[in-house]
Every structure is written in structure tokens, then in C-alpha cells.
Amino acid sequence: MNSVLVTGGAGFIGSNFVRMVLAEHRECKVINLDKLTYAGNLENLAGFMEDSNHEFVRGDICDGLLVERLLEEYSVDAIINFAAESHVDRSIMEPGVFIETNVKGTVALLKAALDKGVGKFVQVSTDEVYGSLGPEGLFTETTPLSPNSPYSASKASADHMVAAFGHTWELDYNITRCSNNYGEYQFPEKMIPLMINNALNDKPLPVYGDGMNVRDWLYVYDHCTAIWQVLTKGRSGDIYNIGGNNEKTNLEVVKRILDRLGKSEDLITFVKDRPGHDRRYAIDSSKIMSELGWKPSVTFEEGIGKAIDWYLENRKWLEHVVSGEYEKYYDQMY
Ligand code: NAD
Ligand code: TDX
């Protein structure tokens, strides 16, 4: 792999992936295409903007001509598509942009990849496309898609388009479906950094519904290593589930954050539930573990400790991202 186009590489997972590749895979040049929406932040790439292996381009994945130019100019071997509108609550407020970026943007990338003969297309998808589980069972790669939110419906549509390009034109692709990520540089609209930020500021921690919804948490670096394995070793046309086998109720996670920060559980406030709130996600990642030899590097207990410490050490980053647009969003939401 000599040259990859990473889309959404200024966001949470994309920037962690870019930093991992630049640090650990020096043979590979990274072209990073990001629109810099509210979720994109060049501070996530601090220290890597001047790296000669890194070319940052501000632009939209929906812009097919721009994508084609980049593929040609940098002789791109593979596209890894992280770019997306990624927040469920925002998709409930404003679904249209989720169709634009997540569906139409993915199709624009697929067309460009086909036209320019790109060797591999990795679509970074989510376990939310499978819908919601009851108290038992796990999502496998053959679980039927049954998305419930506008966000997950847009991601499922994109997954179908990727598979259709593979089936119709033999595009070499993989789809990864990962569970909830947490870690460094996550925007505080998502539950874990939102709760950390509120706790640090002694603000109420808004837990939706009864707090008993279950998510299967994975440390972001471990998601990135899984994607690298799929990129370099994945079988053409295969789907890989990725998860850390760390099911927790939201209330457990929130209490752990408060405990680590030495704050009182009195900050917990139960608020109105998210409409259509999926009850439980849990991933069976035995396929990627057995076929590609991937495994997570940290337990949830280790990872959440590292993540909380990072937010404590990076108060400036946090202060910057919670000013401006975020304040308006927060007031509208809570
Ligand atoms: P994020 O919201 O933090 O980052 C998204 C990035 O995409 C931002 O940098 C943004 O500027 C960019 N972007 C948005 N629209 C764009 C466009 N039209 N053109 C170019 N760039 C655009 O998201 P994230 O949490 O890092 O998620 C990354 C990917 O991983 C998404 O595809 C998401 O569906 C998937 N995923 C996320 C999780 C999770 O827990 N966060 C879990 C599984 C899968
Ligand atoms: O303020 C909150 N209070 C609360 O109780 C927020 C923001 C969330 N929650 C709950 C809702 C969920 O049950 O916490 C859980 C996690 O919420 P999010 O962080 O919004 O994540 P989720 O909706 O599970 O989706 C995430 O995981 C899969 C990512 O945002 C997606 O991009 C990814 O695909």
C-alpha cells in the first residue's frame, strides 16, 4: 500500500487512523480529504500537518471531479471512507444532510474509484445498520440490515451501494461494521466525551431514558488497527464486524466516568429519551479475529482510563470544541 485516500480524516476516528498510519506505516502516503464540517478539526492532526507523507485537502466527497483529480495525481491505491455525518441525535433533527454525505457522497467516491481503477474501497460502517438487539444474541456479518434511525438508514443505504458496485462492476471492496468507539479527539456531542466535559464543569450529566441501553465499546485505536488489517488483508467483497466484547449500560459508563474524575453521582440527571432509541448493540467479531488475526490492545477499563486522562491533559482542545456552534447545539438538545 503506497498511497491511500482517507476521507473524513479530520474527524474523530479518521484523525486517529491518519495518525496511526503516519506513525506506524511509513511506506504509505496519506491523502486526507475532509470538508471540515462542525465535526472536522485540524487540531486533531496537530503535529502531523507538516508531515511529508500527509497531504491534507479541504473538500467534499460529493465533488466527484475533485476526488478523481486526487486519485490520479497521487496514484491512489485504496480509498478508506470515514467521511460521514455521524451523530444519531442530529439525524433526528436534520436528516437531509445524512443522505447528501453518507449516501450521495459514498456513491460519488465509488464512481470515481471505478473510473480511476482504484484497487480497494473500504467503507467504514457501523453496527447500527443491524438495528437493535433484545437481551440475548450478537450481530454477525449475516444479520439482516434493519436500521432504525435516519443516521443508520443512511449508513445502511451506503453499504448497499458499495456492495452493488462490487456486484455490478467487480469493484474490490470491504465493509467494516464497528461498535461504539471512544477515545482521544472524540467530539463531545457523543456520550462519553459529553459526560466527561459536563462532569469536569460540574454540569448535570443527561442520561436518556432509564440509562439501561447497552452499547459495546471499543477503544478508537483498536478500531484503526482493525481497519488496517481489513485494508491490507481483507477478502474482496467481505464484511467484517469489529467490536471489543465490552457491553455496558450507559449508566455503568457514566458512573465509571464520575468515579474516575472524583465527582458525585448526584450530577446524573435522567432526561427525555431519544426518539426510537435502540436498546442494545453487541458485536460478534470472531470473523476478523480468526481470519485476519486482529484483536483489541486494551480492555474497556484500561481504554476508558486512558481516554479520561487524555481529556484531562487536553483541556484546551476541549475548550475550543465546546465553544461556538457546540453551545447552540447543546442548548437546542438539552
Ligand atoms: P466524526 O463526525 O467525528 O467525523 C466525520 C468527519 O467527516 C469530519 O471530519 C467531517 O468534517 C467529515 N465530513 C463530513 N461530511 C463530509 C463531506 N461531505 N466530505 C468530506 N468530509 C466530510 O465521525 P466519526 O465518529 O469519526 O466516524 C467516522 C466514521 O466511522 C463514520 O463513517 C461513522 O459512521 C463510522 N463509525 C463511527 C463509530 C463511532 O462510534 N463514532 C462507530 C462505527 C462506525
Ligand atoms: O447525552 C447523551 N445521553 C445519553 O444517554 C448522549 C449523547 C447519548 N446518550 C446515550 C444514547 C446511546 O444509548 O448514550 C448512548 C451512546 O450515544 P452516542 O454517543 O450518541 O452513540 P450512539 O447513538 O450509540 O452511536 C454511536 O455509535 C455508533 C456513534 O455516534 C455512531 O456514529 C456509530 O455508528
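Residues are numbered from 1 along each chain as its sequence is written, and chains are lettered from A and ligands numbered from 1 in the order in which they are written. Because the model is predicted, local features need pLDDT of at least 70, side-chain atom pairs count only at pLDDT 80 or more, and totals for chains, interfaces and linings use all residues; side-chain values use heavy atoms, with hydrogens and water left out.

The domain assignment divides the protein into domain 1 (3-182 + 217-242) and domain 2 (191-214 + 246-281 + 293-323). These bounds come from an automatic or database domain assignment. The C-alpha centres of the two domains are 24 Å apart. Domain 1 brings 30 residues to the contact and domain 2 brings 27 residues, where contact means heavy atoms within 4.5 Å. About 2200 Å² is buried between the domains, and 54% of this lies on carbon and sulfur atoms. Buried area is the accessible area (1.4 Å probe) that two parts lose on being put together, summed over both.

Ligand 1 is surrounded by 28 residues, each with a heavy atom within 4 Å of the ligand. The closest are I13, D34, S86, Y151 and K155. By class, the shell holds 12 nonpolar, 12 polar and four charged residues. Here Ala, Val, Leu, Ile, Met, Phe, Trp, Tyr, Cys and Pro are nonpolar, Asp, Glu, Lys and Arg are charged, and the others, Gly among them, are polar. Several N or O pairs link ligand 1 to the protein within 3.5 Å. A backbone N or O atom of F82 is 3.0 Å from a ligand 1 oxygen atom. An N or O atom in the T101 side chain is 3.0 Å from a nitrogen atom of ligand 1. A polar backbone atom of V124 lies 3.5 Å from an oxygen atom of ligand 1. On its own, ligand 1 has 830 Å² of accessible area, and the protein covers 97% of it. Such areas come from the Shrake-Rupley method with a 1.4 Å probe. Two or more shell residues come from each of α1 (12-24), β5 (120-126) and α5 (150-169). β5 gives the largest share, three residues. Helices (H or I, at least four residues) and strands (E, at least two) are DSSP runs, numbered from the N terminus.

Ligand 2 has 21 residues around it, the closest being E128, Y151, R274, H277 and Y334. Nine of the shell residues are nonpolar, seven polar and five charged. A polar side-chain atom of N180 is 2.9 Å from a ligand 2 oxygen atom. A backbone N or O atom of M191 lies 2.8 Å from an oxygen atom of ligand 2. P206 places a polar backbone atom 2.8 Å from a nitrogen atom of ligand 2. Taken alone, ligand 2 exposes 650 Å², of which the protein buries 95%. α6 (191-200) and β8 (205-208) each supply at least two shell residues. β8 gives the most, with three residues. Both domain 1 and domain 2 give residues to the shell around ligand 2, so this ligand lies between them.

Notes: A polar contact is a pair of N or O atoms within 3.5 Å; within protein, one must be able to donate a hydrogen and the other to accept it, and residues adjacent in sequence count only if both atoms are side-chain atoms.
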